[in-house]
Structures are given as C-alpha cells and as structure tokens.
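Have the viewer open while you read.

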Amino acid sequence: ALSTAFAFAQDATTIKNLKEQQKVLALTSKLNKLQLDYEKEKANYNDLTGKVAEANAAANAATTDFNTSAVKDAKKTVKQLKEVKSINKKFAKSQKKLSKMEKKIAKLQSRIDNLNKGIQFINQ
C-alpha cells in the first residue's frame, strides 16, 4: 500500500510538472506572437518617423512663406497643416502602442521565467 501511494504521488508530481511545462509553452507561443507584432509595429513606426520629419519640415516652410493676402495660399496651408496633424497623431499612436507592447512582453517574459524556475525546482 505504501509503494502504491508513493507511485501515485510521483505520478501526480509528473503530471503537475507537465502541466506547468504546457503553460510555459503556451506563454512562450503568446510571447513570440507579441514580439512579431512588435517588430511589425516598429517597422511602421520607423516609416512614420520619416514621414513626420518631412511633413513637419514642409509645414514649417509653408507657414513661413505664408502670405496673408491670398486666400488660395491660406487654404493650401490649412490643408497641409491638417495633414501634418494627422501624421503626427498616427506617430503618437504608434509610439504608445510600442510602449504598451514592450510592457506586455516584459510581463510575459517575467511570468515565463517564474514558471521555468518552478519547473526546474521540481525536476531537481
């Protein structure tokens, strides 16, 4: 009876260990997907960086060359400034999204590390 109880306890530990490893694999999969999404967003962010720089330079030039007597110039300048505002808004949104993703990645990595420590302890 004692050997049966010991074998059952050993099987329960093995099952628990396998379940922990399964959690780690699921979290690792989630982490990999998040990192892939992060890299895509980072590429988008880099594209927006160039566009923002160009748009801001063009807007600065347009506002310095602005002639108050011409309505046509005013409409053109307003349109250009609206475009710049839109691009800057997209850029800020991308920055915020990257920041949130970085936090999620760090949090997931921490959870995986903690689970791995528990699994290593059980294996020893």
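How many salt bridges does the structure hold? Three, taking a salt bridge as a side-chain nitrogen of Lys or Arg within 4 Å of a carboxyl oxygen of Asp or Glu.

1. Ground rules before the details. This is a predicted model, so local features need pLDDT of at least 70 and side-chain atom pairs count only at pLDDT 80 or more, while totals for chains, interfaces and linings use all residues. Residues are numbered from 1 along each chain as its sequence is written, and side-chain values use heavy atoms, with hydrogens and water left out.

2. Start with E20 and K23. Their salt bridge has its closest N and O atoms 3.8 Å apart. Both residues lie in helix 1, three residues apart, about one turn of the helix; helices here are DSSP runs (H or I, at least four residues; strands would be E, at least two), numbered from the N terminus. E20 counts as buried at 17% relative accessibility, whereas K23 is partly exposed at 45%. For those words, buried means under 20% relative accessible area, exposed over 50%, and partly exposed in between (1.4 Å probe, protein chains only).

3. Next, K33 and D37. Their side chains meet in a salt bridge at 3.1 Å, N to O. K33 counts as exposed at 54% relative accessibility, and D37 as partly exposed at 26%.

4. E41 and K97 deserve a look of their own. The closest N and O atoms of this salt bridge are 3.5 Å apart. Because E41 lies in helix 1 and K97 in helix 2, the pair ties together parts that are 56 residues apart in sequence. E41 counts as buried, at 11% relative accessibility, and K97 as partly exposed, at 44%.

5. Now the nonpolar core. Which residues make up the largest one? There are twelve: V24, L27, L31, L34, Y38, L98, M101, I105, L108, I112, L115 and I119. Helix 1 (2-64) and helix 2 are the elements that give two or more residues to this core, and helix 2 gives the most, with seven. The term stands for a set of buried Ala, Val, Leu, Ile, Met, Phe, Trp, Tyr and Cys residues joined through side-chain atoms within 4.5 Å.

6. V24 is in helix 1 and is buried, with a relative accessible area of 9%. V24 and I112 are 88 residues apart in sequence, yet their C-alpha atoms are 5.8 Å apart in space. D113, placed in helix 2, is 89 residues from V24 in sequence and 8.7 Å away, C-alpha to C-alpha. D113 counts as partly exposed, at 35% relative accessibility.

7. Is I119 buried or exposed? Buried, at 7% relative accessibility. I119 and K19 are 100 residues apart in sequence and 9.8 Å apart in space, C-alpha to C-alpha.

8. Last, the charged surface. K30, K96, K100, K103, K104, K107 and R111 gather in a patch of positive charge there. Patches are made of residues with over 30% relative accessible area and no salt bridge, like charges being joined within 9 Å and nonpolar side chains (Val, Leu, Ile, Met, Phe, Trp, Tyr) within 5 Å. Lys and Arg count as positive and Asp and Glu as negative, with His and the chain ends not counted. Each charge is placed at NZ of Lys, CZ of Arg, CG of Asp or CD of Glu, and the areas come from the Shrake-Rupley method with a 1.4 Å probe, where for residues only the protein chains shown count as cover.

9. Where does the largest share of that patch come from? Helix 2 (residues 71-123), with six residues. K107 lies in helix 2 and counts as exposed at 60% relative accessibility. The C-alpha atoms of K107 and L31, 76 residues apart along the chain, are separated by 9.6 Å. R111 lies in helix 2 as well and is partly exposed, with a relative accessible area of 45%.
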